[in-house]
Amino acid sequence: MDIEKIISQMTVEEKLKLLVGVGLPGMFGNKSSRVPGAAGETHQIERLKIPSTVHADGPAGLRIDPERENDSNKYHATAFPIASMLASSWNKEILFEVGKAMGNEAKEYGVDFLLAPAINIHRNPLCGRNFEYYSEDPILTGELASAFVEGVQSEGIGTSLKHFAANNQETNRMKIDTIVSERALREIYLKGFEIVVKKAKPWTVMSAYNKLNGKYCSQNKWLLTKVLREEWGFEGFVMSDWFAGDNPVEQIKAGNDLIMPGKTYNVFKDRKDEIKELKQAYEKGEITDDIINERVRTILNILMKTPSFKGYKYSNAPDFEKHARISYNAASEGVVLLKNNDVLPFSADAKVSIFGTGQIETVKGGFGSGDTHPRYTISIFEGFKEKGVKVDEKIGNFYKEKVFELRNGNYRPNYVNEFNLKIPPKLPEDILDESMIDEASETNDLAIIVISRISGEFVDRRAVKGDYYLSDDEQKLIENVSKKFHSKGKKVIVLLNIGGPIEIASWIELVDGLLLIWQPGQEAGRVVADVCLGTVNPSGKLPTTFPKDYQDIPSKSFPGKPVENPLEVVYEEDIYVGYRYYDTFQIDPLFEFGYGLSYTKFDYKNLIVKHDDENIEICFEIENSGNVEGKEIAQVYVKAPKARLDKPFQELKGFYKTKMLKPGEKEEISIKIALRDLTSFCKDKWVLEEGEYRIRVGASSRDIRLEEKVFLKEKVFNL
């Protein structure tokens, strides 16, 4: 297709239509999408044979409506583990497979663009959408998200890398002004995006809602043109987040190519039709033919690659069985074993009593645009039964009936916003008579307690009981179960079915085992049962720090000021985000970044570090020195010399997940790090300061097994 010829044949009105979406499909009186439940579409220009394209949400699986009017068929999509759990796998191959499966489902359902991955940094554990995001570390984020993007786009489906940039909270997300230094931006908040843009070449990038140092991201020319296009060489198109910004003319001038979803006046009554506003600006000479043509050209270059443009005949029948296996494998690799006092794995013959409503209402993922509509979600209770665990059916059935009763009574989903979002209120946990716990402790060999949390789009979490802290009834449940079972010499395990950190330090000594199962998607119960039985050896490690208490975190300014209605949030911690803060200022977390136990042990040996003018190569061996097969995640941290620039104590610069190692088996590992990736940002340049660099290889950020020093001369890299 000759794009220049098409542009020459287009009227100004047709060009402007291509720069604005059709409106939110199926809402506010707008026509439904041809894929019901999709988040948006581009305009069709029939005269020139330019079809509309379909955009659908997808951080944890394709989000479309499972049911359609006058249609008895179902249109479910696979629910994959949340992004934080995918990141806990530290496994690029798994991320590629998950991306490929999601891309295939999008393609087979007639969707052209998957609005994923979301890669904002875990600046604060209370961000409501952290479950959609990968990590507090930009290197881990960027490397894993690159694999995901490559997987999706291998199916001929576009990704939308979001939310660009520094969109680290939901509170007042559409107007909050994020004030952050350029160094922190470059080293922390933009770095993951830079890695993905350069490595995986996403078809689109989504500009964020928030302002960045005074300018809306979708209207920020420095961000969208200077950094993204001129410095990083991005060749796709930029689309706005839905209803973002306040001026479509400024968006187009800044380098935001596509304004989504269109018809912002549907939601914000003071706004006008974007196409008309752009036309008026064009007639006044505020935007030129050159600018409009450049935006149209950029969009068409990508639209040409889409299934819709190519006339792909989609089947509406993805391979759900294959994708279920991928979801299961991904969740299996993302489970993190946090504590194990000789309780896990337990025997298939053990009699197990499960407590907590989460065993029935197991949380597969968060709410909002990161939600999914799978064919099923296997609850923890169902998963244990299916795997043949001898569960206490009396307790389980009691919870089953009680959850049904509560959800059909006073605990119906009770919050509905203009986008029909419903949030189920937290269920009480003091619903079990103490005599039932006593009886269960007599007749069973061990106890499992499920602690669940759900969060999502539109609202941030809070540092209160029932959210970041245990509710009184959860605390009481753990205390009662532990007391009864321990008094009889029996052990207690807690399963954390959560999307982000909660406070654990005050009660961890009450339990013998602690398993972080995150929000694992549709295969939840099967994965949990297999990990508990030892069929799966947990190999996940934390992509985010679990502090001892909320008061320990560095991002004290979250979610901004004034407190009652924040309009500005200052990133006062600067580059000291996550482990960079805890390590540098010697504050002990409960579980450090990169932490995770296994059912086996691994030895690190024979470190050799070599370097030339471009790279450092780190070679070492890992041996399984335990009794069962397993995988290990090796992490390479670099401690830079003290010089002119302040630097964190250490920073992650590379990682590797081993193959499945049998007892006694070794794997030789080689990790290459570019010298450019050891630099710090300083006055429009990346500077490698001269001095002694410590290469630290370990099992976590605080479990360093091997160390070597290298002396590097100063080097300066331009942007």
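Start by selecting strand β15 (residues 446–452) together with strand β11: 4 bridges join the two, and they run parallel. Strands here are DSSP runs (E, at least two residues), numbered from the N terminus, and two strands pair if DSSP finds at least two bridges between them. Zoom in on Ser353, which stands opposite Ala447 in β15.

A word on what you are viewing: this is a predicted model, in which local features need pLDDT of at least 70. Residues are numbered from 1 along each chain as its sequence is written.

Stay with β11 (residues 351–355) and colour by burial: 4 of its 5 residues are buried, so the strand is largely enclosed by the rest of the structure. Buried means under 20% relative accessible area (1.4 Å probe, protein chains only).

Look for Val391 in β12, the bridge partner of Val352.

Now hop to helix α6 (residues 182–189), where 7 of the 8 residues are buried. Among them are Arg183, Arg186 and Glu187. Helices are DSSP runs too (H or I, at least four residues).

Last stop, the cavities. A cavity is a set of points on a 1 Å grid over the protein atoms alone where a 1.4 Å probe fits but cannot get out, and its lining residues have an atom within 4 Å of a point. Select His122, Pro125, Glu136, Thr544 and Thr545, which lie nearest the centre of the largest cavity, lined by 14 residues. For the second largest cavity, select lining residues including Val638, Lys647, Glu651 and Tyr693.

Definitions and conventions: Predicted model: local features only at pLDDT ≥ 70, side-chain atom pairs only at ≥ 80, totals over all residues. Heavy atoms only, no water. Buried < 20%, exposed > 50% of the residue type's maximum accessible area, 1.4 Å probe, protein only. 1 Å grid on protein atoms, 1.4 Å probe; cavity = no way out; pocket = protein on both sides within 12 Å on 5 of 7 lines; lining within 4 Å.
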